[in-house]
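User: I have a structure open and would like to talk it through with you. Could we start with the contacts and go on from there?

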Amino acid sequence: MPLLDYLANGLIFSSIIVLGSIGLSLVYSIADFANFAHGDTMTIGAYTALLTFGAVGSLGGAVLGLPFGFFVALLAGIAVAALVAVVTEWIVYKPMDVGSIGMLITSIGIAFIYRAILQLRFGADFTRYDVGALRPIEWLVPYGIRITEHDVAIVLSAAILVTGLHLLLQHTDLGRKMRAMADNPELARVSGIRTDRVKLWTWVIGAGLAGAGGVFLGLYNQLSPRMGFSLLLLIFAAVILGGIGSVYGAMLGGFLIGMINQLMPILTDYGIPIGIEYAEAVVFVIMVVVLLVRPNGIAGEAT
Amino acid sequence: MSWLANPTDEFADLTRAEQGVTLFVVGFALFLVFGLLTGGLNPSYFLFLLGLASMYALLSLGLNSQWGFTGLINFSVAAFFGIGAYGTALMSASSSPIAGGFNPMVGLIVALVVAAVIALAIGIPTLRLRADYLAIASLGLAEVVRLVVLNQQDWTNGSAGVRGIPSFFEGWPVLATFPQSMPETVIDLVPGGTITIAEPLFGFGFTFGQEIVLGTPFWRALLNVSLVFVFLGISYAVLRRVHRSPWGRVLRTIRADEDLARALGKNTYSFKMQSFVLGSLVMALAGVFYAHLNLYVSPGDLDPITTFYVWVAVILGGSGSNRGALFGGFVVVAIREGTRFLNQVTLSFDMGATEVVLSLAGFGGPMRLLLIGVIIVLLMRFRPEGLLPPQRELIWPGTVDDVPEGPDVGVREARGGADE
């Protein structure tokens, strides 16, 4: 029964999409524009991890088939992605005086700059982390599930990050301010929230999660300067499906989009002649349908 | 008043930005002429560049009529370009998996019809959306088109692309054999020799007067350039006319304030759709030209990067300005082809004992991307209205101030004469 295998793979892919879509949704609602550089922020995280991992090496012990050094690289990826996003916000976005469409176009330029710099340094070819490929976990194989310990590590790390974000949003002062700002920026400002500072933290959190997503994407597939940009449309689809501005919607949307994407082979198994090569196309069509039927997404409030 | 009669006054009448652009264009043209005279620039390649630039100008005109006039943020330029290219290629190529072998004119018509149908299919669901949703949705649907072209081997040959596309004038009376029948012309500017101007400061000189040979490739390129000039001329004239018509005024109102347009009783959805289809047709026309220029199309031609090149051209030129779109198209080709040369550059420095050789092979692609990105960011940051904002060309000559009051000069003539 390959269904379980598809579901397991869907869960792994969803974890990556969720990490990407939370950040996109946060920035969309608080900085108020569709950030096309978000995918390339993920790529930055991935390549930072590649460099760091190459420098620190394996560092002794290992968890789930991943050496400790890899987790150091993961943290570095998160930190550098956040740092790059904050610097970009300071230098480029903050002094800008154009509407949200102008910001959107600017972010495309930023995306190209990120990608070009990575390409100048690393070339356009595919690379991978220097961690040995693992065999699928033995005791799951009889159930038809072929996943490795690395995949488990991806899902667990994503779950930890998402839980951490949930606690931050619900139980800290910053989280309350962020939710207030996402809800109504004007009202938040007149209520005495220092919106600039909250906005900066939003960039840190959003880009940091994107960096983590990028590191895992590199572990799940391979690294290439285009990796983040290719994922960007799926992430947009997830955010729109969940409802822009809702972090929990983004989680749900990311989960669904990841699942739909990986469950595509089922259609052929059941005789519907749409191959897996059209997985992305199907996702985009779903996105357009959602936009038409329920523009505020599943979790968004109707206006 | 005209450029021929009184260039100084005409120049003084321009805005600063227009003066700058004019000087840049003149300077660049002189640079190209210099390249042609010294033999550094092959005439056939020059014509190829000119054709390519005109093609980008055509794409920019198409996007300009959607974004610049109606405010539709369309990220599927590459898809319509590809539909135009594939439409004509699949109809006329010898290796076409579906029809093939038809006259390129049939290909042209089929490409335009298919582009119009797909523009409607994309427009019906997406044109009701908010501006930024339209951006994402159109980029997504462009990807769908690219995936279909890539994966439907039985329709499009998949990743192998379509070869054996005839030139556009195949089967036409005189023009079909024009490049072959023209005699090879040799231009010898300095009879019997060359003039070399050595520059002692830099240690290299320029040689003028090498023989320039105009053979079959040159005449073929000339034919292609005339074709794209015809396309460009027709599109420019049509777009200029319609944008100055009441229809164009509604479009600009929609861009400025859609609610206002609706309050005035206009069916904005219908106007947006007409503008979207019109722009897409112009983009498809560029694709048709590309297929018959390159004689080969592949799914790589539908890569989203083309879309962003065209966006740079439109924003650079000035959203809503048709002249700006022309200018932007030329600048984009300068970036695209200029960075291509980086791949061939090898610098060697003689540092005493060791010689350092710096090869830039492989740098062209990233540099191009970097340049495009930097231009987008700088433009949006410092000059979001573009280099040539449409302040002049949106105004009919009849509405300018210097219409004479007295009846001694016919008002009609005074108005009609001052057409830019």
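User: In chain B, what share of the contacts between residues at least 6 apart in sequence join residues at least 24 apart?

Analyst: This is a predicted model, and in chain B 75% of the contacts between residues at least 6 apart in sequence join residues that are at least 24 apart.

User: How many helices and strands does chain B have, and what percentage of its residues is buried?

Analyst: Chain B contains 17 helices and 6 strands, and of its 420 residues 47% are buried. Its accessible surface comes to about 19700 Å², with 66% of that belonging to carbon and sulfur atoms.

User: Ok, a helix pair then. How do H3 and H15 of chain B cross?

Analyst: Helix H3 of chain B covers residues 43-70 and helix H15 of chain B covers residues 322-342, and their axes come within 7 Å and cross at roughly 135 degrees. That angle makes H3(B) oblique to H15(B), and the crossing in which H3(B) passes H15(B) is right-handed.

User: Which residues meet there?

Analyst: On the H3(B) side they include B:Tyr45, B:Leu49, B:Ala53, B:Tyr56, B:Asn64 and B:Phe69, while on the H15(B) side they include B:Asn322, B:Gly329, B:Phe330, B:Arg336, B:Glu337 and B:Phe341.

User: Staying in chain B, where does B:His292 sit, and is it buried or exposed?

Analyst: B:His292 belongs to helix H13, residues 268-294 of chain B, and with a relative accessibility of 1% it counts as buried. Not counting residues up to four places away in sequence, B:His292 touches B:Thr88, B:Ser92, B:Pro104, B:Ile165, B:Pro166, B:Ser167, B:Phe168 and B:Asn224.

User: What about the backbone at B:Asn157, what is its phi?

Analyst: B:Asn157 has a positive phi of about 70 degrees although it is not a glycine. B:Asn157 lies in the loop between helix H7 (153-156) and helix H8 (173-176) of chain B, where, at 23% relative accessibility, it counts as partly exposed.

User: What does A:Leu4 contact?

Analyst: A:Leu4 is in helix H1, residues 2-30 of chain A, and is partly exposed at a relative accessible area of 38%. Leaving aside neighbours within four places in sequence, A:Leu4 is in contact with A:Tyr143 and A:Ile145. A:Leu4 and A:Tyr143 are 139 residues apart in sequence, yet 7.5 Å apart in space from C-alpha to C-alpha.

User: Last one, at what angle do H9 and H10 of chain A cross?

Analyst: The axes of H9 (residues 227-242) and H10 (residues 247-263) of chain A cross at roughly 125 degrees and come within 7 Å. This makes H9(A) oblique to H10(A), in a right-handed crossing. Among the residues that meet are A:Leu234, A:Ala237 and A:Leu241 in H9(A) and A:Gly249, A:Gly253 and A:Ile257 in H10(A).

How values were computed
Residues numbered from 1 in each chain as written. Chains lettered and ligands numbered in written order. Predicted model: local features only at pLDDT ≥ 70, side-chain atom pairs only at ≥ 80, totals over all residues. Heavy atoms only, no water. Helix = DSSP H or I, 4+ residues; strand = E, 2+ residues; numbered from the N terminus. Buried < 20%, exposed > 50% of the residue type's maximum accessible area, 1.4 Å probe, protein only. Contact = heavy atoms within 4.5 Å. Areas by Shrake-Rupley, 256 points an atom, 1.4 Å probe, with all protein chains shown as cover. Axes fitted to C-alpha atoms, helices over the stretch in contact; angles between N-to-C directions. Parallel < 35°, antiparallel > 145°, perpendicular 65-115°, else oblique. Left-handed = near helix turned anticlockwise from the far one by under 90°.
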